[in-house]
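Me: I'm new to this one, so could you walk me through it while I look at it?
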Amino acid sequence: MKIAVDAMGGDFAPEKIVAGAARAVGRFGCEIVLVGDEEKIKTLLAKEKVADNKKIEIVNTTQVIEMHEHPAEAVRTKKDSSIVVATRLVKEGKCDAVLSAGSTGAAVTAAQLILRRIKGIARPTIATPIPTREGVTLLLDSGANVDSKPEHLVQSAVMGSIYSEYVFGIEKPRVGLLNIGEEETKGNEQALLTYPLLRDNPSIHFTGNAEGRDIPKGEFDVVVCDGFVGNVVLKFAEGLAKTIVEMVKDAIKNGGLLARLGALLIIPPLKKLAKRLDVSEYGGAPLLGVNGCVIISHGSSNEKAICNAIGVANEFVNNNVLQRISDTLAKEEDAEQ
């Protein structure tokens, strides 16, 4: 397993990216190709304890795509940028996956222009796991496409189901369409047109409309929506989780002696809860629908998040997700003909 890592992408790049990659070598035993400013990466690597230095390679680049740049224009003009070169390594077969915590738009654009879409997929989708009481709910799209047609949502449902089954081990994942009510007649035009398409698709186990509150409850294993709504839901969930943890801390701090004594008993389970709600536990989300494994991490990813994101890439490749998606879409096409 060899993974190309965009060392220059992210709020804390390249320091946290390099540190996370170094940790991942020991944890997952994979090979890492750090793509970016060679001198900076070498200096940072010298400070890290790497389980096997032979498993880390550096590919020098001279450009970086910044967050404020227009993704398509930047990808086309900055041929020597870290995300473009890292994606090209996958295209050339030199790496099995690419990971970036930089501009999501640039990562998605580079994947589409360089790796190209899987046959039968009109638009790729970002599949983000959201923790629930029992496990996770896979939300897609969470930011690749702000506008989606009904057929795009159906494709997301198929790919999300395959990912949920083979990576999370869920047999016949329950698929839901994010809506304002559970009734079939609820929703906007997009939802009304998408519902029957999902219901009649034999490749998925569609169980109806999912309301926002159903996502953290774990009522569905896969929930589909367009990227605009999905990204809003994701950011709200992240903010709410952090706020709840901080509110509990404040309540204990300002609750007097009894509250502090009681905190000694609840601190261990609170730490477990905080860990489950921590986005860095999952590290990254796969971009489904392109001819390669592309993992997109949060811009504020730390060392732990990058390490875990490399683990997500490992699972994606080891479970042959790309081939399973292609095979399923090919069967659907044959059935239609």
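Reply: Gladly; one definition to begin with is that contact means heavy atoms within 4.5 Å, and please keep in mind that this is a predicted model.

Me: Ok, which residues of α6 and α7 meet each other?
Reply: On the α6 side they are Pro150, Glu151, Leu153, Val154 and Ala157, and they meet Gln190, Leu193, Thr194, Leu197 and Leu198 of α7. Sorted by class, that contact has seven nonpolar residues, two polar ones and one charged one.

Me: And at what angle do those two helices pack?
Reply: Helix α6, residues 150-167, packs with helix α7, residues 189-199, at an angle of about 45°, and their axes are 9 Å apart. That angle makes α6 oblique to α7, and the crossing of the two is right-handed.

Me: Switching to the sheet, what order do the strands come in?
Reply: The order is β6-β7-β10-β8-β9, five strands in an open sheet with mixed pairing. The edges are taken by β6 (128-131) and β9 (205-210), each with a single partner strand, so one side of each has no neighbour in the sheet. On average, neighbouring strands are turned by 30° against each other, direction ignored.

Me: In what sense do β8 and β10 pair?
Reply: Strand β8 (residues 174-178) pairs with strand β10 (residues 222-224) in the parallel sense, over three bridges, and Leu177 has Val224 in β10 as its bridge partner.

Me: Where do the helices sit on that sheet, then?
Reply: α6 lies across β7 (136-140), β8 and β10, and runs at about 160° to β10. α7 also packs on the sheet, where it touches β8, β9 and β10, and its direction makes about 160° with that of β9.

Technical notes: Residues numbered from 1 in each chain as written. Predicted model: local features only at pLDDT ≥ 70, side-chain atom pairs only at ≥ 80, totals over all residues. Heavy atoms only, no water. Axes fitted to C-alpha atoms, helices over the stretch in contact; angles between N-to-C directions. Helix = DSSP H or I, 4+ residues; strand = E, 2+ residues; numbered from the N terminus. Parallel < 35°, antiparallel > 145°, perpendicular 65-115°, else oblique. Left-handed = near helix turned anticlockwise from the far one by under 90°. Nonpolar A, V, L, I, M, F, W, Y, C, P; charged D, E, K, R; others polar. Pairing = 2+ DSSP bridges.
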